[in-house]
Amino acid sequence: MTLSPRHERMPSTELKPEICSCLALRQAARVVTQFYDQHLATSGLRTTQYSILARLNRLGPMTINSLAAELVMDRTTLGRNILPLERDGLIEIGASPTDRRRREVRLTPAGTARLRAATQNWKVAQQRFDQVFGTDRAAALRDLLREVVASDFAAAE
């Protein structure tokens with residue numbers, strides 16, 4: 001069977017998914033996210049939602065753009081993730097007390113309580129990850145991943 005030029009296969013030497021950094025990172029992120037989601041499930045939070053509440057708890061109220069930058073997330077994705085948190089009364093979005101034109105995201109008392117309840121489950125997941133992966137290796141991995149986040153890939157082009 002002859003393939004048309006549109007359907008020709010690329011030479012196998014060019015297709016090596018095992019060397020694709022993006023694929024490896026995304027697969028690892030999915031596995032770890034699923035693991036943490038399982039641990040957080042009883043709290044009614046997903047990993048991303050937990051991260052949003054934890055960041056607001058640590059840093060206080062902030063604009064959606066600032067929160068998105070802190071979480072290394074685009075604004076649209078953050079918007080989809082905060083909707084259920086706002087609906088459930090865990091966060092509120094309102095005008096900044098210092099500049100009424102700015103809208104800020106704030107953790108509510110209910111959000112603080114949910115975060116506190118979920119944190120024990122998060123700690124169990126964190127301890128289990130460190131136990132399975134190795135405490136030193138897990139710490140080194142987090143350091144490497146922070147370096148990846150801080151890298152400016154666009155500047156290298």
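Here are some friendly notes on the helices and the sheet of this predicted model.

1. Let's start with helix α2, which covers residues 47–59. This helix has 13 residues, and the distance from its first C-alpha to its last is 18 Å. That is close to the 18 Å expected at 1.5 Å a residue.

2. Which residues of α2 are buried? They are Thr47, Gln49, Tyr50, Ile52, Leu53 and Leu56. Leu59, also in helix α2, is partly exposed, because its relative accessible area is 38%, and the buried class holds values under 20% while the exposed class holds values over 50%.

3. Next, see how α2 meets helix α4. Their axes come within 10 Å and cross at roughly 80 degrees. An angle from 65 to 115 degrees counts as roughly perpendicular, so α2 is roughly perpendicular to α4. On the α2 side, the residues that meet α4 are Thr48, Gln49, Ile52 and Leu53. On the α4 side they are Leu78, Asn81, Ile82, Pro84 and Leu85. Sorted by class, this contact of α2 with α4 has six nonpolar residues, three polar ones and no charged ones. Gln49, Ile52 and Leu53 of this contact are also among the buried residues of α2.

4. Helix α4 (residues 75–87) also packs against helix α3 (residues 64–71). Here the angle is about 100 degrees and the axes are 9 Å apart, which means that α3 is roughly perpendicular to α4. From α3, the contact uses Ile64, Asn65, Leu67, Ala68 and Leu71; from α4, it uses Arg75, Leu78 and Ile82. These residues divide into six nonpolar, one polar and one charged. Look out for Leu78 and Ile82, which take part in the contact with α3 and in the contact with α2.

5. Now for the sheet. What is the order of its three strands? It is β1-β3-β2, in an open sheet with antiparallel pairing. As background, strands of a sheet pair through backbone hydrogen bonds, either parallel or antiparallel. Strands β1 (62–63) and β2 (91–95) stand at the edges with a single partner strand each, so one side of each has no neighbour in the sheet.

6. The pairings can be followed residue by residue. β2 and β3 (residues 103–107) pair in the antiparallel sense over five bridges. Within β3, Val105 is the bridge partner of Ile93, and Arg106 stands opposite Glu92. β1 and β3 are also antiparallel, pairing over two bridges. For Thr63, the bridge partner in β3 is Glu104.

7. Finally, turn to helix α6, residues 135–150. Its 16 residues should span 22 Å at 1.5 Å a residue, and the end C-alpha atoms are 23 Å apart, which agrees. Is α6 largely buried or largely in the open? It lies largely in the open, because the number of its 16 residues that are buried is one.

Definitions and conventions. Residues numbered from 1 in each chain as written. Predicted model: local features only at pLDDT ≥ 70, side-chain atom pairs only at ≥ 80, totals over all residues. Heavy atoms only, no water. Axes fitted to C-alpha atoms, helices over the stretch in contact; angles between N-to-C directions. Helix = DSSP H or I, 4+ residues; strand = E, 2+ residues; numbered from the N terminus. Parallel < 35°, antiparallel > 145°, perpendicular 65-115°, else oblique. Contact = heavy atoms within 4.5 Å. Nonpolar A, V, L, I, M, F, W, Y, C, P; charged D, E, K, R; others polar. Pairing = 2+ DSSP bridges. Expected span 1.5 Å × (residues − 1). Buried < 20%, exposed > 50% of the residue type's maximum accessible area, 1.4 Å probe, protein only.
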